[in-house]
Amino acid sequence: MFSSRTNWRLTPNRLSREIEELRRKERPLLDLTESNPTRCGFVFDKQGILEALANPQALSYTPDPRGLLPARRAVASYYAERGITLDPGHIFLTTSTSEAYSYVFRLLADPGDTILVPQPSYPLFDFLAGLNDVRVIPYPLIYDQGWQIDLPTLEKRLEARARAILVVHPNNPTKTFVRRRELAELLAFCQRKDMALVADEVFADYSLAVDPQRVFTHATVTEALTFTLSGLSKISALPQMKLAWLVVNGPAQLLRSSLARLEIIADTYLSLSAPLALALPALLETRRTLQPQIRERVASNLQLLDARLAVNQPVSRLGVEGGWYAVLRLPSIRTDEEWAIELARKDGVVVHPGHFFDFSSEGYLVVSLLAERGVFDEGLARILSRVAGSQ
Ligand SMILES: Cc1ncc(COP(=O)(O)O)c(C=O)c1O
């Protein structure tokens, strides 16, 4: 009856079952995985957001496969503020980065072709690829003071059916930005193997420090066909709005063909609604009050974390360059999942085990830096006392 691409394991894993059970018993939990910005106590301009969605122009239907031009101009202005000039004709609006990924995979790959994705990274890639009949080949990120792309291993994994290299900038959850010298190598691989580069920049506004070694954005890359993805879910902390985009760039001829083909893919769905497209300029503006709140929360939670880890703990944290998460390194006397289950059951603290993000070894837990200060501090105290008591 069903396609093989939907042969997922449908039963919840041990940790999810444990948390479900604790919630059923109404056990109070400190959720250090909370990364839904609409539940973290931030102040949104509620009235402005709702008014933006009630534009009378939305009463007429004027379809545009790329999304309404004023909305694409607003995206171009967002980049222009950072000194980047983009042609609105190179921008496609979508209802999520997930949809943007699907457009790109559909454009580039035949069934069975492969996309190289970083490991560890965003857990949705397997599903996005599988639903588009594409196979994912992980390439490792290695940690030595900071994370970097294991370029020699990546190169070895570029088999004949590889269609694109994907980077997440900064990566989730490792929080590292692509370096300029890494990009130069990735582009050389793309040119040599006729592959495209796909860059997910949803967290790009959340950098903790300026670093000239880093790539600023992939949206201006022209050496290889490049797709840069971003959207409102992180820029304005509005994931419920379901509005993202895709910027296409590259060598002139490839760019022209990509735009023409993408236009047909997008025209087939015309998925972004007019009220939302018309609201985009105002929704993008709300970032000016949201981002400072998020930056403040991330910085203060990191400070709390460092203050607690400073006192000779068996737990350490990995370097963070940006984004909304921190990675904790624990003694590998238990698996990540065992730590996470024990913390939930005995301490009422919910964390992500590293394997959720496909860490290649045990000993990692991932916590959200968006959690409210009191929750974060108390959760952290319980994690540290549990680990100290288990030594
Ligand atoms: C790397 C990355 N890309 C994309 C998204 C989600 O974007 P959207 O809500 O636009 O699909 C997330 C969400 O956490 C993410 O971590």
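A crossing of two helices is left-handed if the near helix is turned anticlockwise from the far one by less than a right angle, and right-handed if clockwise. Hi everyone, keep that picture in mind, and let's walk through this structure together.

A word on the source before we start. What you see above is a predicted model, where local features need pLDDT of at least 70, side-chain atom pairs count only at pLDDT 80 or more, and totals for chains, interfaces and linings use all residues. Residues are numbered from 1 along each chain as its sequence is written, and side-chain values use heavy atoms, with hydrogens and water left out.

Let's begin with helices. Helices (H or I, at least four residues) and strands (E, at least two) are DSSP runs, numbered from the N terminus. Two packed helices are described by the angle between their axes and the distance between the axes. The axes are lines fitted to C-alpha atoms, for helices over the stretch in contact, and angles run from 0 to 180 degrees between N-to-C directions.

Our opening pair is α3, residues 69–80, and α10, residues 274–285: their axes cross at roughly 25° and come within 7 Å. Because of that angle, α3 is roughly parallel to α10. Here is the scale: angles under 35 degrees count as roughly parallel, over 145 as roughly antiparallel, 65 to 115 as roughly perpendicular and the rest as oblique. And which hand does the crossing of α3 and α10 have? It is left-handed.

Contact here means heavy atoms within 4.5 Å. On the α3 side you'll find Pro70, Ala71, Ala74, Val75 and Tyr78, and α10 brings Ala277, Leu280, Pro281 and Leu284. How many nonpolar, polar and charged residues does the contact of α3 with α10 have? There are 9 nonpolar, no polar and no charged residues. For these classes, Ala, Val, Leu, Ile, Met, Phe, Trp, Tyr, Cys and Pro count as nonpolar, Asp, Glu, Lys and Arg as charged, and the others, Gly among them, as polar.

Next come α1 (residues 14–24) and α12 (residues 336–347), with axes that come within 10 Å and cross at roughly 5°. So α1 is roughly parallel to α12. Arg14, Leu15, Glu18, Ile19 and Leu22 of α1 meet Glu337, Ala340, Ile341, Ala344 and Arg345 of α12. This contact of α1 with α12 divides into 6 nonpolar, no polar and 4 charged residues.

Glu26 has a phi near 60°, a positive value in a residue other than glycine.

Our last pair is α11 (residues 287–309) and α13 (residues 373–390), packed at an angle of about 25° with axes 10 Å apart. These two are therefore roughly parallel to each other, and α11 passes α13 in a right-handed crossing. Among the residues making the contact are Leu304 and Leu305 of α11, and Phe376 and Leu380 of α13. The classes in the contact of α11 with α13 are 7 nonpolar, 2 polar and 3 charged.

On a 1 Å grid over the protein atoms alone, a cavity is a set of points where a 1.4 Å probe fits but cannot get out, and a pocket is an open set with protein on both sides within 12 Å along at least five of seven lines; lining residues have an atom within 4 Å of a point. Grid points are joined across faces, edges and corners, and a volume is the space filled by probe spheres set on the points.

Helix α11 comes back here, giving the most to the lining of the second largest pocket, with 4 residues. That pocket holds about 400 Å³ of space. Its lining has 20 residues, and the closest to its centre are Arg82, Ala204, Asp205, Ser207 and Phe216. By class, the lining of this pocket divides into 8 nonpolar, 3 polar and 9 charged.

As for cavities, the structure holds 1 of 30 Å³ or more, and the largest cavity has about 110 Å³ of space. Of its 14 lining residues, Leu141, Ile149, Val168, Thr176 and Val178 are the closest to the centre. Strand β5 gives the most to that lining, with 3 residues.

To finish, find Pro170 in the loop between β6 and α7. A cis peptide bond joins His169 and Pro170, with omega about 0°. Pro173 lies in the loop between β6 and α7, and the bond to it from Asn172 is cis too, with omega near 10°.
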